[in-house]
Amino acid sequence: MLSIYLQKLKFHAFHGLYEEETTLGNEFEVTLTVKFIPQQLPCESIDQTINYVLLFDLVKERMNKPTPLLETIASGIAMQIFEEFRLAEEVIISI
């Protein structure tokens, strides 16, 4: 099994339950691990692995959508990864 790590991605976003959070925003740090089993080794094409640029874009897009609960964001990111990356076996995310 191989893993793609995106660590300490920083975003200013407007998540939270309270007015101050949704008005002023906060700094958030996201760390993401996606584990997968490649169809062949070595991986010689981007189609044979998990594209970390697309992973980053997915996280960035989701972090730009204000949401009351961080748990909702984390589970949404994980579900979207499983939908968009057929090789993904496991997703570990912290916000």
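1. Which residues does H15 touch, not counting residues up to four places away in sequence? H15 touches E21, N26, F28, R62, M63, K65, P66, T67, L70 and I73, where contact means heavy atoms within 4.5 Å.

2. A word on the ground rules. This is a predicted model, so local features need pLDDT of at least 70 and side-chain atom pairs count only at pLDDT 80 or more, while totals for chains, interfaces and linings use all residues. Residues are numbered from 1 along each chain as its sequence is written, and side-chain values use heavy atoms, with hydrogens and water left out.

3. Back to H15, which sits in the loop between β1 (2-13) and α1 (19-24). Helices (H or I, at least four residues) and strands (E, at least two) are DSSP runs, numbered from the N terminus. H15 is buried, with a relative accessible area of 2%; buried means under 20%, exposed over 50%, and partly exposed in between, using a 1.4 Å probe and protein chains only.

4. The side chain reaches the backbone oxygen of M63 at 3.1 Å. A polar atom of the H15 side chain lies 3.1 Å from the backbone nitrogen of T67.

5. Now the sheet: it is open, with three strands in the order β1-β2-β3 and antiparallel pairing. β1 and β3 stand at the edges, each with a single partner strand, so one side of each has no neighbour in the sheet. From one strand to the next, the twist averages 20 degrees. Two strands pair if DSSP finds at least two bridges between them.

6. Six bridges join β2 to β3 (residues 88-94). Across that pairing, K35 stands opposite E90 and F36 opposite A88.

7. Helix α2 (residues 52-63) packs on the sheet, touching β1 and β2, and its direction makes about 30 degrees with that of β1. Helix α3 (residues 70-84) lies across β2 and β3, running at about 160 degrees to β3. Axes are lines fitted to C-alpha atoms, for helices over the stretch in contact, and angles run from 0 to 180 degrees between N-to-C directions.

Technical notes
A polar contact is a pair of N or O atoms within 3.5 Å; within protein, one must be able to donate a hydrogen and the other to accept it, and residues adjacent in sequence count only if both atoms are side-chain atoms.
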